[in-house]
Amino acid sequence: MSASAIFILDLKGKVLISRNYMGNMDMNKVDHFMPIMMRMEEDADSSPLVTHGSAHFLWIKHRNLYLVAMTKKNANAALVYSFLYKMVEVFKEYFKELEEESIRDNFVTVYELMDEVMDFGFPQTTDSKILQEYITQQGHKLDVGAPRPPATVTNAVSWRSEGIKYRKNEVFMDVIESVNLLVSATGSVLRSEIVGSIKLKVVLSGMPELRLGLNDKVLFEITGREKSKTVELEDVKFHQCVRLSRFENDRTISFIPPDGESELMSYRLNTTVKPLIWIESVIEKFSHSRVEIKVKARSQFKSRSTANNVAIMVPVPSDVDSPKFKTSTGSCKYLPEKSAVQWNIKSFPGGKEYMMRAHFGLPSVESTELEGRRPITVNFEIPYFTVSGIQVRYLKIIEKSGYEALPWVRYITQSGDYQLRTN
Amino acid sequence: MTDSKYFTTTKKGEIFELKAELNSDKKEKKKEAVKKVIASMTVGKDVSALFPDVVNCMQTDNLELKKLVYLYLMNYAKSQPDMAIMAVNTFVKDCEDPNPLIRALAVRTMGCIRVDKITEYLCEPLRKCLKDEDPYVRKTAAVCVAKLHDINAQLVEDQGFLDTLKDLISDSNPMVVANAVAALSEIAESHPNSNLLDLNPQSINKLLTALNECTEWGQIFILDCLANYTPRDDRESQSICERVTPRLSHANSAVVLSAVKVLMKFMEMLPKDLDYYGTLLKKLAPPLVTLLSAEPELQYVALRNINLIVQKRPEILKHEMKVFFVKYNDPIYVKLEKLDIMIRLASQANIAQVLAELKEYATEVDVDFVRKAVRAIGRCAIKVEQSAERCVSTLLDLIQTKVNYVVQEAIVVIKDIFRKYPNKYESVIATLCENLDSLDEPEARAAMIWIVGEYAERIDNADELLESFLEGFHDESTQVQLQLLTAIVKLFLKKPTETQELVQQVLSLATQDSDNPDLRDRGYIYWRLLSTDPVAAKEVVLAEKPLISEETDLIEPTLLEELICHIGTLASVYHKPPSAFVEGSRGVMHKRLPARTGSCNILIMSKLNSSLLSPQLGGDIGGSPAMGAGFGAAPTVMPASLNAPVGGGLGDLFDLGGGVGMPMGAYIPPKTVWLPAMKAKGLEISGTFARRAGVIQMELVLTNKAMSVMTDFAIQFNRNSFGLAPAGPLQVLTPLGPNQTIEVSLPLSTVGPVMKMDPLNNLQVAVKNNIDVFYFSCQYPISMLFVEDGKMERQVFLATWKDIPNDNESQFQIQDCHLNSEAASNKLQGSNIFTIAKRTVEGQDMLYMSIKLSNGIWVLAELKVQAGNPNYTISLKCRAPEVSQCVFQCYEAVLKN
């Protein structure tokens, strides 16, 4: 079904720790993994799936580690990758960061976790909050309160334990929208997409039932309230706590939330909005002498909003020298390691336009290496604002003990993958 | 304090030291020692010598220590099978521990100890755990059954664990259900004939209920299992789809893909005019697009699958071109896949955008990506005719960049554009010729040479150009050599006067100085052609070739179907069936999509289906240019003429008569004696039946073996199955003297009274003469009744085949027949058995045929012919299945005569 074995390797391909789940393959086969990867790298090739004979390696990289699943069957590849990423998440929750050091420092716990999250190639419980209830980092004595598997592990509600208690019951919601943009070198918008996410921080006692109301267009159409301002969510993805069939039936978002922080849902909209920050650039390269850059940035949202921490990265050739900048606002920095100029604007109100000029020298001997034409990228965030106009209309919280709980909502829009191609 | 200290190696005698520590009385010291052992094991040191000492620590009340010892056991038990038995007792004991965590740990570890000797000791504890009150233990025990099965399948069956496992599918706990499903699926996969996953509407319903409640992973197990089920009809199919669709909103990409798999498979059964079918199609696009925001590895899996989905159901994503535009920071494997899908989605509506993007990509720095982008431009030109001109000018712009690999790729694709639109863009040849010197890759050189040869009459210095290549003939790769040979022969045929020397030279290089058999053979063929009959040579070599087809890299439809059934798995990423890369799966059944009505031959349906969906895949019998490429899974653009000659093409060239290309007359069985003289007072009647020019004829030979003259002949038929009746009187006008013989043809009609006979083709005849009335019966070949307009429309065939219930299908073997499929088809056509389509799968030709009987009954047939195998398989489908036997006899008779 999925993996025969899982390995965690260092950058050189040495096995740091491994777990043989099915016992049907020679564990030494993993020694072929790194040589294949090196060969591919030489050919400027890369693939998340490499093969050696009958062994298939599905791998991901995290920091200085490779997580490699090995199989000889027609495994469910999507499941394997998704599981490997989940493993990373679990380890991060346990050890703050997952890297070579943390594996060595916690190998006993790593073994325990590997034993628990997968059995015979079938992923089991991977919810780190639940795992933490019975795989703790200190040793246990069986007679004095040895942990038992929390009922949660096998419950239908496998993400929340019973008996949680808080003095003050609250829910914090963040509605975060990321704008992905791709603009061609000629200035036409090729793709514009909003990826939204609603994050929860739940501080609630007991087993509360929550219902979330959004200004969802489909819902409003069903209930005949078409006049209100609504948002058409193109594709919605939910945390496993949300009852999917209920949503499918009547668009109700109802759930028993996991405790603490989690992502409740994400959505995607393909509506073409005006790019929030528009960049026009002229990058002129005079071979053997200099590069001249002119960048104009314009904010195209309402003036009552303000974009914060705007960072505009403009690519320059890797061999430039003696940078000179002039800006109408903000500051510029040359980042040689990234071969880029970073123009920072702390606060960029709507409806404004700023300019930046940069001048670089070029060596008289030109490097023979071809450089790709990298795009200009922009980072920003705009608080109290969503591009889509999505609104949380209500969050109803019902718990059988009948406590009152307050929901808090924040909105923020930020740059996602925001790229403008250059000439 | 961290665990890393355990890795610090001590000096020599480490094992010895550890041994002492392991046997220490102090619990803390013991635990530390075990940790050190595990640390050594982790870094790959062999600590198996400590086996007995570590196992001694197993009986502990410390959970962490117990886990470590279990871990050690899993690693080394195999190398120390005898000592592993020492652990059995503890396992048995731990399986009864009051703490469910310990019980589960024991049962989980037990199954990982792959030592045959001890497995039987584990059966009792496992049996208990399967019935444990705690679901955590039960779900672990369920997996253990799969583990044990992998070690000793017989034991598991004998112990009845499989039945217990099946019972767990009805467990009240969703996690237990999910693991039981996973375990059963795993066992079923390695034992395909076990019929373990006996899925029926009830069990499906249970699974669908559990689907809503279990973890994300459990949902995947269940969805993957559901995908193996074939619903009984479209209503069941729809109701399953309805309950699976909500999974498309799951945050886990793997859940989404598994749900897509189920939907793609089951929607095959839904009627296309159903509203729900359209709804479902619309629901599939957004989640597929969202998968492209996942982590790159998952994007890659998604893209490889989208590639399949786009081929199977192009309508799902046809409006989503833009989401496949490449981003600068996409990993190369994502970029290349996106490019592939862009070309598949390219259409007249979006071609401008696509081209602008491709041009952008072609100026990137990543060589592989650039090459593929250039090729993509060429593919667009071939695919979208309206864009060809723009594509060509884009390619010319790119050639001007003079970037070596860009130029070479561009020339390769321009060659293909010429083959699709001959005599349209030859104005660019001059530009191409300027770049001759920079071509160093064989494919590009061969392409350029082909262009020069093909358009030799328009290139003034074609001879010089080709001559320049000839100098290093032996250093060239085979494809360049072959191309050079052909190009020079073409040149010679076009400009014979100036190039005689050149052609001599290349022919002798190819035939005398080369030991490559292809090159030599081709050289000799040209040589002989040229020396025997230059006019004929011209006709052969310079003949117009069929245009190349649009999409040449489509996945062969049956493979595509199989891959759709494997969405999300490695097979879908490799685009190969599991049997191609999983050991020991050769005998495993290939998965197939279900058929629309759930009860007909899915193979043929989907096949015809796909050819209907994309008309370019059509192809008449004899092969259209597209057929070779579409059906034969030729990976690259190939001259269609090499794959499948256009109808009669070969026949025109080589008048081989007999077997190939020539339709032959209807089969006529030899005459047999129907009425012996002894029984008819001296009158002997023999005869046969024939169909000539649409008229059924009874051909009789009457012999008078009596001593007296016979006169006044007349004939009458009894009622029979197809209403055969004499269309006129028996024409014996002169008296038949003793020892005289006369041959008579009696035309028959099919409008006589009908009565079902047994056998069906039995005919009772009465012949009268001046002496008496004689009765006999004979059997006519049913092929006499096959009418000339029996060639069914392809679409009608498809619909009819689906329409006729499966019970009406019968299968026969025709043994010892040595015809190839083409000859067979020709032969059958002579008897009005019409081939409607033909395809080739793994060396096996499938012919789809139709027959119409004189009374309007249609018979549909599928004939499988395997090269080198003299036994054919034939499946017949007919609304009146009783005719099948007779039809089969005709096949046999026709093919063997």
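These legends accompany close-up views of a predicted model.

**View 1. The interface of chain A and chain B.**
In this predicted model, 107 residues of chain B are in contact with 90 residues of chain A. About 8,800 Å² is buried between the two chains, and carbon and sulfur atoms give 56% of that area. The rule finds 10 salt bridges across the interface of chain A and chain B.

**View 2. A salt bridge between A:Glu116 and B:Arg108.**
A:Glu116 of chain A and B:Arg108 of chain B meet through their side chains in a salt bridge. The distance from N to O is 3.3 Å.

Over all chains, the structure holds 68 salt bridges. One links the side chains of A:Glu280 and A:Arg298, at 3.6 Å from N to O.

**View 3. Helices α7 and α10 of chain B.**
Helix α7 (residues 116–130) and helix α10 (residues 161–168), both of chain B, have axes that come within 11 Å and cross at roughly 15°. Because of this angle, α7(B) is roughly parallel to α10(B). Their crossing is left-handed. On the side of α7(B), the contact is made by B:Cys123, B:Leu126, B:Arg127 and B:Leu130; on the side of α10(B), by B:Phe161, B:Thr164 and B:Leu168. By class, the residues of this contact are 5 nonpolar, 1 polar and 1 charged.

**View 4. Helices α15 and α17 of chain B.**
The axes of helix α15 (residues 253–266) of chain B and helix α17 (residues 296–312) of chain B cross at roughly 15° and come within 11 Å. Angles under 35 degrees count as roughly parallel, and α15(B) and α17(B) are therefore roughly parallel to each other. The crossing of these two helices is left-handed. From α15(B), the residues B:Ser253, B:Leu257, B:Val260 and B:Met264 take part in the contact. They meet B:Leu298, B:Val301, B:Ala302, B:Asn305, B:Ile309 and B:Lys312 in α17(B). The contact of α15(B) with α17(B) has 7 nonpolar residues, 2 polar and 1 charged.

**View 5. Helices α20 and α22 of chain B.**
Helix α20 (residues 367–383) of chain B and helix α22 (residues 404–420) of chain B have axes that come within 9 Å, with a crossing angle of roughly 15°. The two helices, α20(B) and α22(B), are therefore roughly parallel to each other. The crossing of α20(B) and α22(B) is right-handed. In α20(B), the contact is made by B:Val367, B:Val370, B:Arg371, B:Val374, B:Arg375, B:Gly378, B:Ala381 and B:Ile382. The residues of α22(B) in the contact are B:Tyr405, B:Val406, B:Glu409, B:Ala410, B:Val412, B:Val413, B:Asp416, B:Ile417 and B:Lys420. The contact of α20(B) with α22(B) divides into 11 nonpolar, 1 polar and 5 charged residues.

**View 6. A cis peptide bond in a loop of chain B.**
The peptide bond from B:Asp758 to B:Pro759 is cis, and its omega is near -5°. B:Pro759 has its place in the loop between β6 (741–749) and β7 (762–768) of chain B.

**View 7. A positive phi in a loop of chain A.**
A:Lys96 is a residue other than glycine with a positive phi, near 70°. The loop that holds A:Lys96 runs between α2 (77–95) and α3 (100–105) of chain A.

Technical notes. Residues numbered from 1 in each chain as written. Chains lettered and ligands numbered in written order. Predicted model: local features only at pLDDT ≥ 70, side-chain atom pairs only at ≥ 80, totals over all residues. Heavy atoms only, no water. Axes fitted to C-alpha atoms, helices over the stretch in contact; angles between N-to-C directions. Helix = DSSP H or I, 4+ residues; strand = E, 2+ residues; numbered from the N terminus. Parallel < 35°, antiparallel > 145°, perpendicular 65-115°, else oblique. Left-handed = near helix turned anticlockwise from the far one by under 90°. Contact = heavy atoms within 4.5 Å. Nonpolar A, V, L, I, M, F, W, Y, C, P; charged D, E, K, R; others polar. Buried area = accessible area lost by both parts, 1.4 Å probe. Salt bridge = Lys/Arg side-chain N within 4 Å of Asp/Glu carboxyl O.
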